[in-house]
Amino acid sequence: MIFTIEFFRIRKEDNAHATLARVTHIASNLESAKVKARSLFDVGTLDMSQNPEGLRILDQDGNEVFFWTQGTNDT
């Protein structure tokens with residue numbers, strides 16, 4: 001399956017999400033995509049103008065299948 005991983009920041013005033021980066025990832029399942037997303041988040045390998053506060057994963061149809069922010073349960 002093809003997944004899109006989006007990294008974002010959250011504006012505290014109105015809880016708006018600003019996307020910092022998008023990565024396309026081919027994985028056999030959602031769990032594999034979560035592992036990749038978390039590794040990119042933790043290692044900081046992406047060149048983003050700001051540090052992300054969370055991420056979400058979209059399926060190949062653009063549907064959100066996973067959402068995570070710092071301070072919540074691990075992926």
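Analyst: Here's the walk-through, starting with the sheet and then moving to the rings.

Bear in mind that this is a predicted model.

E3 and E4 make a hairpin with five residues between them, and Gly62 in the turn has a positive phi of about 90 degrees. Gly62 counts as partly exposed because its relative accessibility is 47%.

Now the rings. How many aromatic pairs does the count come to? It comes to three. Take Phe7 and Phe41: their ring centres are 6.4 Å apart and their planes at 25 degrees, so this pair is stacked. If you're wondering about the cut-offs, centres have to lie within 6.5 Å, and planes under 30 degrees apart count as stacked. Phe7 belongs to strand E1 and Phe41 to helix H1, so the pair ties together parts that are 34 residues apart in sequence. Phe7 and Phe41 are both buried.

Another stacked pair is Phe8 with Phe67, at 5.4 Å centre to centre and 20 degrees between the planes. This one also links distant parts of the chain, with Phe8 in strand E1 and Phe67 in strand E4, 59 residues apart. Are these two partners buried or exposed? Phe8 is buried, at 3% relative accessibility, whereas Phe67 comes out as partly exposed at 37%. Trp68 comes into the picture too: ring pairs link Phe7, Phe41 and Trp68 into a cluster.

So what do the rings pack into? As background, nonpolar side chains in soluble globular proteins tend to be buried together. In this model the largest nonpolar core has 15 residues, and Phe7, Leu55 and Ile57 are those with the most contacts inside it. E1, E2, H1, E3 and E4 each supply at least two of the core's residues, and H1 gives the most, with four.

Leaving aside neighbours within four places in sequence, Leu55 is in contact with Glu6, Phe7, Phe8, Ala37, Phe41, Phe66, Phe67 and Trp68. That list takes in both partners of the Phe7 and Phe41 pair, and both partners of the Phe8 and Phe67 pair.

Helix H1 covers residues 30–43, and Glu31 lies in it. Glu31 is partly exposed, with a relative accessibility of 48%, and its side chain makes a polar contact with the side chain of Lys34 at 3.1 Å. Glu31 and Gln60 are 29 residues apart along the chain, with 15 Å between their C-alpha atoms.

Terms used. Residues are numbered from 1 along each chain as its sequence is written. This is a predicted model: local features need pLDDT of at least 70, side-chain atom pairs count only at pLDDT 80 or more; totals for chains, interfaces and linings use all residues. Side-chain values use heavy atoms; hydrogens and water are left out. Two strands pair if DSSP finds at least two bridges between them. Buried means under 20% relative accessible area, exposed over 50%, partly exposed in between (1.4 Å probe, protein chains only). A polar contact is a pair of N or O atoms within 3.5 Å; within protein, one must be able to donate a hydrogen and the other to accept it, and residues adjacent in sequence count only if both atoms are side-chain atoms. A nonpolar core is a set of buried Ala, Val, Leu, Ile, Met, Phe, Trp, Tyr and Cys residues joined through side-chain atoms within 4.5 Å. Contact means heavy atoms within 4.5 Å. Rings of Phe, Tyr and Trp (its six-membered ring) pair if their centres lie within 6.5 Å; planes under 30 degrees apart count as stacked, over 60 as edge-to-face and the rest as tilted.
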